[in-house]
Protein chains: 2
Amino acid sequence: MTYCVALRVEEGLVLCADTRTNAGVDNISVFSKLHVIEKPGERMIAIMCAGNLAVTQAVITRVTEGIGETGEEGPDSLHTVPSMFEAARLVGKAVRSVREEDAPSLSQENVAFDASFLVAGQIAGRRLRLFQVYSAGNYIEATADTPYLQIGEHKYGKPILDRVAKYDTPVEDAVKLALISMDSTLRSNLSVGMPIDLMTYRKDALHVEMRRRISEDDPYFRMIRERWSEALRQAYRDLPGPNAPLDAPKPSGGGRLFGP
Amino acid sequence: MTYCVALRVEEGLVLCADTRTNAGVDNISVFSKLHVIEKPGERMIAIMCAGNLAVTQAVITRVTEGIGETGEEGPDSLHTVPSMFEAARLVGKAVRSVREEDAPSLSQENVAFDASFLVAGQIAGRRLRLFQVYSAGNYIEATADTPYLQIGEHKYGKPILDRVAKYDTPVEDAVKLALISMDSTLRSNLSVGMPIDLMTYRKDALHVEMRRRISEDDPYFRMIRERWSEALRQAYRDLPGPNAPLDAPKPSGGGRLFGP
């Protein structure tokens with residue numbers, strides 16, 4: 001399994017991915033799921049992937065090395081696409097071409113063709129955008145209403161994003177959110193594992209702001225984990241119990257859960 | 001879909017279930033998923049269910065009306081079983097008998113046989129216990145190490161339980177936890193819906209302590225939802241940003257996530 005989350009906020013991007021791949025519980029490895037195509041000042045495209053590793057690696061190779069007819073400028077690749085929309089489209093095209101090649105053999109082994117991608121970044125003069133590409137090769141874009149996208153094991157880490165992530169969340173706060181969301185997932189699903197790849201990008205910078213691999217003993221991540229757990233415990237202790245009087249006027253029958 | 005959660009803490013039990021059933025997104029109804037068999041002073045057995053409604057209703061009918069040979073004391077039912085272990089076993093037996101009857105026809109319609117149950121309670125002179133019965137009719141028991149069990153859409157509501165639920169959590173606090181866990185699920189999965197059934201039981205009381213249907217406008221639940229959301233937002237705002245100095249001594253390279 002995998003967990004990748006991307007926040008596309010007003011100020012920029014925060015991307016976070018775990019690095020565990022597994023074939024059963026007795027065969028786990030570390031693979032980076034965050035890939036960056038960067039030409040400072042001209043383009044910064046990041047791509048995160050979830051699903052069958054052979055499929056996602058084949059897709060990444062095709063979109064970085066190029067697919068399609070070799071024209072004057074060489075084959076289409078993430079190094080040459082003119083916009084983020086075309087980047088998402090190219091990833092979708094690569095997924096479809098890998099499916100054409102691999103799906104029949106995978107199906108003979110009863111393995112589902114499974115791959116999804118988050119494609120985020122900016123090309124000079126164009127908009128900063130974040131897309132999710134499905135295994136069918138189609139795609140959706142994050143918007144100000146829902147400024148984040150997730151792939152892989154998304155459920156455990158979603159409640160905190162649903163409650164807190166906003167389009168005007170600063171990048172620093174979005175980093176905290178991504179790490180909390182990742183921590184909740186790490187705790188509940190063994191097939192999502194450390195280390196974590198974390199990256200930030202500021203709108204119009206056209207280069208990666210920060211990219212970092214976070215291991216178990218990373219002091220910032222450890223602090224976030226510990227303080228967040230403690231803050232949750234404190235927050236729930238501070239909530240009035242079901243027998244406490246409520247501030248608000250009670251409708252008849254309301255207010256207390258226990259007793260008369 | 002469904003979400004049911006049960007906490008079996010030192011002081012007693014807290015059970016919480018949503019009431020939504022759906023066949024697709026365009027056919028939703030309200031059905032109670034919490035059933036109580038109570039003979040005050042002698043037994044209190046509560047059962048919550050998730051899965052195919054026809055299957056779970058058939059199981060509930062069998063375990064309340066009785067299955068098996070009619071002996072001197074009538075057929076086995078939750079009104080007569082001598083222990084909670086036998087209660088879980090009886091539910092498992094009922095699941096298997098419904099499967100025998102319904103599974104072939106369900107399979108003709110490509111509908112999976114899907115049903116799971118939480119069976120909790122106490123019989124005079126015996127231990128308070130909480131079991132989960134699977135669709136295969138086998139079962140597991142909650143222990144002091146993991147004092148809660150969930151059925152249905154369990155992922156969204158699990159992180160808060162993983163972080164906070166302990167065997168020595170008081171019943172009042174376990175009520176808060178169950179409601180927070182339910183709220184996280186309600187927000188993220190449309191097929192889990194209000195109203196909520198909530199119940200508490202104190203060890204050795206042999207009668208229900210509190211049973212309540214909580215609707216959208218319940219002032220206590222609304223207060224929990226609002227304050228919890230606000231507390232989470234505050235807690236994450238209070239976390240130091242990735243550029244803040246850390247209290248702990250930093251290993252080389254550690255401490256700050258962003259430059260220099």
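Helix H4 of chain B, residues 171-188, runs for 18 residues and spans 26 Å from its first C-alpha to its last, close to the 26 Å expected at 1.5 Å a residue. That expectation is 1.5 Å times one less than the number of residues; helices here are DSSP runs of H or I with at least four residues, strands are runs of E with at least two, and both are numbered from the N terminus. H4(B) is mostly covered, with 15 of its 18 residues buried (20 or more other C-beta atoms within 10 Å of a residue's own, the C-beta atoms being placed from the backbone).

The model is a predicted one, where local features need pLDDT of at least 70 and side-chain atom pairs count only at pLDDT 80 or more, while totals for chains, interfaces and linings use all residues. Residues are numbered from 1 along each chain as its sequence is written, with chains lettered from A and ligands numbered from 1 in the order in which they are written.

Now for how the two chains sit together.

As for the interface, 45 residues of chain A are in contact with 46 of chain B, contact meaning C-beta atoms, placed from the backbone, within 7 Å. H5(A) supplies the largest share of chain A's side, 13 residues.

Notes:
Buried ≥ 20, exposed ≤ 12 C-beta atoms within 10 Å, placed from the backbone. Contact = placed C-beta atoms within 7 Å.
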